Amino acid sequence: MSRKSFLGKSIVSIKDLTREDLDIIFEEADKMEQIIKSNKKPLDGKILAALFMEPSTRTRLSFEAAMHHLGGSVITVSDPKSSSAVKGESLSDTIRTVENYCDIIAIRHPLEGSARLAAEFSRVPILNGGSGAEEHPTQALLDLYTLLKELKTVEGKSIAMVGDLKYGRTIHSLAYILSKYNAVKLYFVSPPSLRIKAEIKNDLKEAGIEFHEVESLSEVIPLVDAIYMTRIQKERFPQEAEYEKVKDAYVLTKELLTFAKGPIPVLHPLPRVNEISYDVDDTKHAVYFKQMYNGVLVRMALLNLILGGEVK
Ligand code: NCD
């Protein structure tokens, strides 16, 4: 495997990437800060289409910022109501249209399988920016990149994933990406109704990953080297009453973090609702702001690798 093997590649699922691929992406991400500071334009003349059929702040804007930093340009659908999807156009027809206008498409869509379908129809590479409750691979890449920066390695580390493990696509992709590393121990902290899917648990067992399902956040805090908080995904509950029952299940506070081993990193893909109290923001634990900056570097790395930008 080499940088070249990324040319023209779609990133649909984190499962499609090998450990070696991850090393190449992170090595590239390490070089991106220098591109931001310089006036280099490795993707001059290339166009990214950001096709966002669900709300987004970070994923879309960081993809767009990443493309601008690389000297490319961006066209965007940021509101599905402004696209022909509301007229009844199928996703495959939308893709066959948009591919004519760009060199790469970043897509977010409410349906599971949407990014895979898009990749099947598209002549240009597809980057999955979130496919329903299924996966969010570029988020997992930036989450892992952040964990590696904070912890040096994830091997032998215990990591808690907290909140909506059922509908949280970032959780699914993060669990899979971490399973590519040795001796990672996972604590899945959720209410019983929001446990992680059986299919993912089976895959983790097959990969030989140790994991524990627990309900209490306070019991887990002293045991772990990092905490990954998530929002309860209100929009994905079939009934609002079910959401109401679990919406305040976990609130991580500065007080609770005094029971941690030390200044362990707390991550969150954001947006947060109430699951991390604002008093955590000015502690050493708060890594979720750095995480967003790392998102720009990782998305730059992907665009540059896939579109063949040169870096010296
Ligand atoms: C996440 C998402 O969209 O899945 N946000 C993100 O991309 N940073 C998490 C969420 O919406 O809760």
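Let's start with Gln139: one of its polar side-chain atoms sits 3.3 Å from a nitrogen atom of the ligand. That is a polar contact, meaning a pair of N or O atoms within 3.5 Å. Gln233 also takes part, with a polar side-chain atom 2.8 Å from a ligand oxygen atom. How much of the ligand does the protein bury? Taken alone, the ligand exposes 320 Å², and the protein buries 94% of that (areas by the Shrake-Rupley method with a 1.4 Å probe).

A quick word on where this comes from. This is a predicted model, where local features need pLDDT of at least 70 and side-chain atom pairs count only at pLDDT 80 or more, while totals for chains, interfaces and linings use all residues. Residues are numbered from 1 along each chain as its sequence is written, and side-chain values use heavy atoms, leaving out hydrogens and water.

Now, the inside. The largest nonpolar core has 63 residues, and Leu141, Met161, Leu178, Leu186 and Leu303 touch the most other members. By nonpolar core I mean buried Ala, Val, Leu, Ile, Met, Phe, Trp, Tyr and Cys residues joined through side-chain atoms within 4.5 Å, with buried meaning under 20% relative accessible area (1.4 Å probe, protein chains only). Helix 11, residues 288–306, gives the most to this core, with 9 residues (helices are DSSP runs of H or I, at least four residues, numbered from the N terminus). Domain 1 (3–135 + 295–306) and domain 2 (137–292) both contribute residues, so this core lies between them; the bounds come from an automatic or database domain assignment. Apart from it lies another core of 21 residues, including Tyr250 and Tyr288.

How values were computed: Buried means under 20% relative accessible area, exposed over 50%, partly exposed in between (1.4 Å probe, protein chains only). Helices (H or I, at least four residues) and strands (E, at least two) are DSSP runs, numbered from the N terminus. A polar contact is a pair of N or O atoms within 3.5 Å; within protein, one must be able to donate a hydrogen and the other to accept it, and residues adjacent in sequence count only if both atoms are side-chain atoms.
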